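I opened this notebook to record what I looked up, entry by entry. The sequence and the structure come before the notes.

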Amino acid sequence: MENEIAPPPPTPKAANPGPLGLAAFGLTTVVLSCVNAGILSPDAVSAVVPLAFAYGGVAQLIAGVLEFKTGNTFGMVAFTSYGLFWWWFAFMKWTVGSGWLKAPPSSAVAVTLLMWGVFTFLLWIVAFRLSKGVWSIFLLLWITFFFLASGDFGYFIGSLNCGKIGGYFGLLTGIDALLVAFIEVFNATAGRAAISLGKPLIRS
């Protein structure tokens, strides 16, 4: 009939911002962890600082804002927090390297990393209700932070500085985050859960 009102066009499906945040976190973490593990020279930190600002920081902040719009509290808190972690790291290296601030004592950096480890441990507890893929990232990450903090406190396991061990755990964390990001993008492109990230350990 002529007077019939045409139905509104379907609303486009919103993209999942999670893979962006995970990729930004994972890639930046891998590069810095190569320095911490001794695979790259300490001079390579100058390549990490702009990367931490541009990708590890900005991309995760964008992902956090988009997670807020989807109503995902966990994603909003995690991506925004770790995006700003990268800004803290980059600002610290930049201001100290430029001579604007004195280099902080290792103990101060250690306490900061320790608190990030505590924060990550608490998020890991929440992640028991998320996929096993996401849960594994937070497991590896709090271990990484604790080892890095121990390294700055001056602790060793045998002849190996704990910070170097933290670097290797950081490599595993970053690779894990990149893998989960890839799986989420792959599944979104396929339009189905072609690759499972694992069911939550707690489902009640």
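Is C162 buried or exposed? I found C162 buried, with a relative accessible area of 5%. I note at the outset that this is a predicted model.

**Entry on the cysteines.** I next looked up the other cysteine of interest, C34, which also counts as buried, at 15% relative accessibility. I then asked how far the sulfur of C34 is from the closest cysteine sulfur. That closest sulfur belongs to C162 and is 19 Å away, too far for a bond.

**Entry on the overall chain.** I recorded six helices and two strands. From the N terminus, I read the order of elements as α-α-α-α-α-β-β-α. The C-alpha atoms fill a box of roughly 80 × 40 × 25 Å along the principal axes. Of the 204 residues, 42% count as buried. I noted an accessible surface of about 11,400 Å², with 71% of it belonging to carbon and sulfur atoms. Among contacts with a separation of 6 or more, 70% join residues 24 or more positions apart.

**Entry on the core.** Which residues have the most contacts inside the largest nonpolar core? I found Y82, F89 and F138, in a core of 43 residues. At least two core residues come from each of helix 1 (18-36), helix 2 (45-70), helix 3 (73-97), helix 4 (106-126), helix 5 (132-152) and helix 6 (162-190). Helix 5 supplies the largest share, 11 residues. I then listed the partners of Y82 beyond four places in sequence; among them are F25, W116, F119, F138 and F145.

**Entry on the surface.** I looked up a nonpolar patch on the surface and found V111, L114, M115, V118, L122, I125, F153 and Y155 in it. Together these residues have about 720 Å² of accessible area. I placed M115 in helix 4.

**Entry on V96.** I located V96 in helix 3 and found that V96 counts as partly exposed, at 26% relative accessibility. Which residues does V96 contact, leaving aside neighbours within four places in sequence? I recorded L101, K102, A103 and P104. I also looked up G133, 37 residues from V96 along the chain; the two C-alpha atoms are separated by 36 Å.

Note on methods:
Residues numbered from 1 in each chain as written. Predicted model: local features only at pLDDT ≥ 70, side-chain atom pairs only at ≥ 80, totals over all residues. Heavy atoms only, no water. Disulfide = S-S within 2.5 Å. Buried < 20%, exposed > 50% of the residue type's maximum accessible area, 1.4 Å probe, protein only. Core = buried A, V, L, I, M, F, W, Y, C linked by side-chain atoms within 4.5 Å. Helix = DSSP H or I, 4+ residues; strand = E, 2+ residues; numbered from the N terminus. Contact = heavy atoms within 4.5 Å. Patch = residues over 30% accessible without salt bridge, like charges linked within 9 Å, V, L, I, M, F, W, Y side chains within 5 Å. Areas by Shrake-Rupley, 256 points an atom, 1.4 Å probe, with all protein chains shown as cover. Salt bridge = Lys/Arg side-chain N within 4 Å of Asp/Glu carboxyl O.
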